[in-house]
Amino acid sequence: MMFELDHIAVAGETLDEAVRHSEEALGLPLGMGGQHAHYATHNRLLGLEQDLYFEAIAPDPSQPKPDYPRWFGLDEFDGPAQLDKWILRCPDIDAAQRMFPEAGEPVHLSRGDLSWTMLVPPDGRLPYGGQFPAIIQWHTDTPPGMTLPSAGLRLEALTICGPDVDDLRTRLAPVFDDDRVIYRTIAERMMQAVFLTTSGRRILT
């Protein structure tokens with residue numbers, strides 16, 4: 001079983017901040033998104049090339065805060081909006097959970113015509129300081145990466161930077177192999193995405 005890159009996400013304290021940061025970096029307006037009732041979050045989306053998509057996500061103040069931690073560690077997110085998460089899709093979420101128990105428990109979710117299961121840690125915090133990828137299985141033949149119209153952005157590189165990314169790469173290597181994903185060992189945790197466009201490269205951090 002091999003995993004594939006599904007999408008990447010900018011987190012913000014508010015969705016307005018996440019969208020503004022994303023649009024300034026990408027040079028394009030984000031499309032519509034929606035609400036996630038289970039975790040009281042909301043998002044905006046943008047289709048990319050190669051069956052990928054982009055997400056800006058934040059807590060949704062119009063929904064009651066859940067009695068459990070939100071996904072993606074959003075309860076603890078503070079500071080400027082930034083590229084903060086990457087998400088891998090798999091064909092068998094139960095097998096993925098057995099391989100990576102630290103990635104969390106399967107949570108079944110839906111929004112509109114979309115249905116999916118994602119591994120979410122009970123405290124909402126993904127391993128490796130939040131840099132372990134969230135793992136998703138779509139229960140539809142047409143996930144967003146295949147249905148959102150492409151904005152003409154092609155992901156050239158996604159760089160994961162941190163003090164323990166060599167170990168992260170080793171952990172994922174049996175099920176994930178994508179030349180676009182680069183691991184760089186530095187003291188600071190950060191992520192950077194480089195996109196190719198008709199007018200040159202765009203860099204998102």
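This is a predicted model: local features need pLDDT of at least 70, side-chain atom pairs count only at pLDDT 80 or more; totals for chains, interfaces and linings use all residues.

Trainee: Which strands are the edges of the open sheet?

Mentor: Eight strands form the sheet, with mixed pairing, in the order β2-β3-β4-β1-β5-β8-β7-β6. The twist from one strand to the next averages 30°. An edge strand pairs on one side only, which is the case for β2 (33–36) and β6 (105–111).

Trainee: Helix α1 packs on that sheet. What angle does its direction make with that of β4?

Mentor: Helix α1 (residues 15–26) touches β1 (4–11), β3, β4 (53–59) and β5 (82–89). Contact means heavy atoms within 4.5 Å. Axes are lines fitted to C-alpha atoms, for helices over the stretch in contact, and angles between N-to-C directions run from 0 to 180 degrees. With β4 the angle is about 150°.

Trainee: Which residue of β8 is the bridge partner of R89?

Mentor: Seven of the eight residues of β5 are buried (under 20% relative accessible area; over 50% is exposed, partly exposed lies in between; 1.4 Å probe, protein chains only). On one pairing, β1 and β5 are antiparallel over seven bridges, with E4 opposite R89. On another, β5 and β8 (residues 134–138) run parallel over three bridges. There, R89 meets I136.

Trainee: Why is β9 called largely enclosed: how many of its residues are buried?

Mentor: β9 spans residues 154–162. It pairs with β11 (residues 190–197) in the antiparallel sense over seven bridges, where L155 has F195 as partner. It also runs parallel to β10 (residues 181–185), joined by five bridges. β9 is largely enclosed by the rest of the structure because its buried residues number seven of the nine.

Trainee: Which handedness does the β-α-β unit have?

Mentor: The unit is made of β9, helix α4 (residues 165–172) and β10. A crossover is right-handed if, with the strands pointing away from the viewer, the path from the first strand over the helix to the second runs clockwise. This unit is right-handed.

Trainee: Why do the buried residues of α4 lie on the same side: what arc do they cover?

Mentor: The buried residues of α4 are V165, L168 and L172. The arc is that of the directions from the helix axis to the C-beta atoms. Among the elements covering these residues are β5, β9 and β10. They share a side of α4 because the arc is only 50°.

Trainee: What is the relative accessible area of A40?

Mentor: A40 lies in the loop between β2 and β3. Its phi is near 55°, positive in a residue other than glycine. A40 counts as buried because its relative accessible area is 0%.

Trainee: What is the angle between the ring planes of W71 and F72?

Mentor: Rings of Phe, Tyr and Trp (its six-membered ring) pair if their centres lie within 6.5 Å; planes under 30 degrees apart are stacked, over 60 edge-to-face, and the rest tilted. The whole structure holds nine aromatic pairs. W71 and F72 stack with centres 5.2 Å apart and planes at 15°.

Trainee: Which ring cluster includes Y128?

Mentor: Y128 sits in the loop between β7 (114–120) and β8, with a positive phi of about 55°. Y128 and F132 form a stacked pair, 6.1 Å centre to centre, and both are buried. Ring pairs make a cluster of F3, F100, Y128 and F132.

Definitions and conventions. Residues are numbered from 1 along each chain as its sequence is written. Side-chain values use heavy atoms; hydrogens and water are left out. Helices (H or I, at least four residues) and strands (E, at least two) are DSSP runs, numbered from the N terminus. Two strands pair if DSSP finds at least two bridges between them.
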